[in-house]
Amino acid sequence: MKRISATGRANVLRERACADTMCDMLRSSSWAGPFVGRARDLREVSERFARGARLVTVAGPGGVGKTRFARRLCEIDAASEGGATPWFCELAETSDVETICDELARVGRSLGATSDPTGDRVVALGAMLARRESLLVVLDNCEQAVESVARLLGRWLPLAPSVRWLATSREPL
């Protein structure tokens, strides 16, 4: 039997509370209602991740439901056996590496993750991600920061090999 220290128990409880908060956000009323006609697409993306894909981009014109699709995939992932709480990063207001890093760090902190504030911030965030197992990170609304997101993913993919990434954008990465 594995012993968990009081500190470890507190961390587990905090992570569960953060997971509950994330699940509440994913089920918020603005996203409630039936999700019709995307079962095949959801299955395809899930199968790609199951076969080892590390990055999937959902691209299309505005208003077709890319964000809703990503949120539904998060719900499915969180409910799966061994699924970790997905990180949903809203990038609509970002345009550069620094603001993308700010958003990823904010989401991570809200779910109890910490990163080393010294040194190369991209590497520190990569190390923070690497400590998470079976994590799905959604980068939503990447279109105004496509080049910055692509550069960051080029660094984060090798730094955090167990992380799966879903990007939504009006343009392919």
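Modeller: Helices (DSSP runs of H or I, at least four residues) and strands (runs of E, at least two) are numbered from the N terminus. This is a predicted model, where local features need pLDDT of at least 70, side-chain atom pairs count only at pLDDT 80 or more, and totals for chains, interfaces and linings use all residues. Residues are numbered from 1 along each chain as its sequence is written, and side-chain values use heavy atoms, without hydrogens and water.

Colleague: Nice, let's start with the layout: in what order do the elements of the protein chain run?

Modeller: The protein chain has 6 helices and 4 strands. Read from the N terminus, their order is α-α-β-α-β-α-α-β-α-β.

Colleague: Is Ala 53 buried or exposed, or in between?

Modeller: Buried means under 20% relative accessible area, exposed over 50%, and partly exposed in between (1.4 Å probe, protein chains only). Ala 53 has a relative accessible area of 25%, so it is partly exposed.

Colleague: How far apart are the end C-alpha atoms of helix α3?

Modeller: Helix α3 covers residues 66-79, which is 14 residues. The expected span is 1.5 Å times one less than the number of residues, so α3 should span 20 Å. The model agrees, with the end C-alpha atoms separated by 20 Å.

Colleague: At what angle do the axes of α2 and α3 cross?

Modeller: Asp 41, Leu 42, Val 45, Ser 46 and Phe 49 of α2 meet Phe 69, Arg 72, Leu 73 and Ile 76 of α3. The axes of α2 (residues 39-50) and α3, lines fitted to C-alpha atoms over the stretch in contact, with angles from 0 to 180 degrees between N-to-C directions, come within 11 Å. They cross at roughly 60°.

Colleague: Which residue of α6 (146-159) is among those touching the most other members of the largest nonpolar core?

Modeller: A nonpolar core joins buried Ala, Val, Leu, Ile, Met, Phe, Trp, Tyr and Cys residues through side-chain atoms within 4.5 Å. The largest has 28 residues, with at least two each from elements including α4 (97-110), α5 (121-130) and α6. Beyond four places in sequence, the residue asked for contacts Ile 100, Leu 104, Val 122, Leu 129 and Trp 165, among others.

Notes: Contact = heavy atoms within 4.5 Å.
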